[in-house]
Amino acid sequence: MAKKRYALYISRPLASKFDLVAQQRHGSKSAMLEEALRLSLEPQRVPGAEEVLVRRLDELHKVVGIVNRDVAIVTETLALFVRYFLTITPPLPQSEQEPARLLGRERFQVFVAQVGRRLATDHRLVSEVLETIASNNPDLFATTADDAPLRGRAAGSGNGAHREVASGTEEPKKDTDHG
């Protein structure tokens, strides 16, 4: 095969590395350069690589979807809890604040222990709650239009969470899971 001659200019640091590698391989610089150009300009295809990448991307897409759902659940839960707590919980009298702080510290320690136990295993409360809801009341996941009456009631009062509890239409569930 006839070869064509090129005059190339490369930086001194790269030229030093090129010389060192050529010495270590005991080959010609022209052969190394030709091989590098060929690999760069005509990348070899690995059979089945595209299918593996597509399968992995599909798996990642599913995982990202699950994470996105879980983050949305956590965000909504936290927002609803904060709204409920701030609108319903009355301030304590000064004489009851210290005992309440002590009880709060104890409850927080139990809370942290529960979070630690759940994170140490693959048993997540979010999954447990969703499974319970799906089996006991699958209509909750049907459409977003189902909560329109609640939105109308909340919009009319300016403080929907307080009004619902005060009227006795909805009773908060007690948490019985202590471990």
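**Aromatic pairs**

Reply: Phenylalanine 111, at 47% relative accessibility, counts as partly exposed, a class that lies between buried (under 20% relative accessible area) and exposed (over 50%), with a 1.4 Å probe and protein chains only. The model is predicted, so that local features need pLDDT of at least 70 and side-chain atom pairs count only at pLDDT 80 or more, while totals for chains, interfaces and linings use all residues. Residues are numbered from 1 along each chain as its sequence is written, and side-chain values use heavy atoms, with hydrogens and water left out.

Rings of Phe, Tyr and Trp (its six-membered ring) pair if their centres lie within 6.5 Å, with planes under 30 degrees apart counted as stacked, over 60 as edge-to-face and the rest as tilted; by this rule there are two aromatic pairs. In one of them, phenylalanine 81 and phenylalanine 85 are stacked, at 5.9 Å centre to centre with 25 degrees between the planes. These two residues are four apart in helix H3 (residues 49–88), and therefore about one helical turn separates them; phenylalanine 85 is partly exposed, at 41% relative accessible area. Phenylalanine 108 and phenylalanine 111 form a tilted pair, with 6.1 Å centre to centre and 35 degrees between the planes. Because they are three residues apart in helix H4 (residues 94–120), about one helical turn lies between them, and phenylalanine 108 is partly exposed with a relative accessible area of 47%.

As for the setting, the protein chain has seven helices and zero strands, where helices (H or I, at least four residues) and strands (E, at least two) are DSSP runs numbered from the N terminus. Of its 179 residues, 4% count as buried.
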